[in-house]
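Here's a quick briefing on how charged side chains pair up in this protein. Have a look at the structure first, then we'll go through some of the pairs together.

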Amino acid sequence: MSNAKQLLGILGEQTAKSSLELEGYRVLTCNWRCRLGEIDIIAAQDDRLVFIEVRSRKGRNFGTAEESVDLRKQQKIRLAAQYYMQQHKLDQTLIRFDVIALLFDYNNQLISYKHVEAAF
């Protein structure tokens, strides 16, 4: 992965985290990894645990950021979330899977922010 792409990903995740906190979410962890995959943000909202995939794009040449969370990626996130819940003994907790899609211009200025709750 190129350095520019990594920096865009970091910018997107930082922007998403800040926005979530302003919306009243309690961010529990970012970039949680296990042998099954990674979850960008795990947050709590009321009595629900929310697993959030963050996608950032520059320009609109390759479709929207939210469209890039395909079925294969959804399955990986679900498996990682299941592992997280088992590891933390949260089997009775309500959960939701969200996607946050960010579009930046070529100067790294945010153009759009879209939070899709219960995306999958």
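Let's start with Glu66, which is partly exposed at a relative accessible area of 25%. Keep in mind that this is a predicted model. Glu66 pairs up with Lys114 in a salt bridge, and the structure holds five salt bridges. Side chains of opposite charge can pair when their charged atoms come close.

- In the salt bridge between Glu66 and Lys114, the N to O distance is 3.2 Å.
- Glu66 sits in the loop between β3 (48-58) and α2 (71-87), while Lys114 belongs to strand β5 (residues 110-116), so this pair ties together parts that are 48 residues apart in sequence.
- Lys114 is partly exposed too, with 42% relative accessibility.

- Lys17 and Glu21 join their side chains in a salt bridge, at 3.1 Å from N to O.
- You'll find both Lys17 and Glu21 in helix α1 (residues 3-22), where they are four residues apart, or about one turn of the helix.
- Lys17 has a relative accessible area of 30%, so it counts as partly exposed.
- Glu21 is partly exposed as well, at 40%.

**A buried pair**
- Glu53 and Arg55 make a salt bridge, and their closest N and O atoms are 2.9 Å apart.
- Are these two buried or exposed? Both Glu53 and Arg55 are buried, which means that each has under 20% relative accessible area.

Note on methods
Residues are numbered from 1 along each chain as its sequence is written. This is a predicted model: local features need pLDDT of at least 70, side-chain atom pairs count only at pLDDT 80 or more; totals for chains, interfaces and linings use all residues. Side-chain values use heavy atoms; hydrogens and water are left out. A salt bridge is a side-chain nitrogen of Lys or Arg within 4 Å of a carboxyl oxygen of Asp or Glu. Helices (H or I, at least four residues) and strands (E, at least two) are DSSP runs, numbered from the N terminus. Buried means under 20% relative accessible area, exposed over 50%, partly exposed in between (1.4 Å probe, protein chains only).
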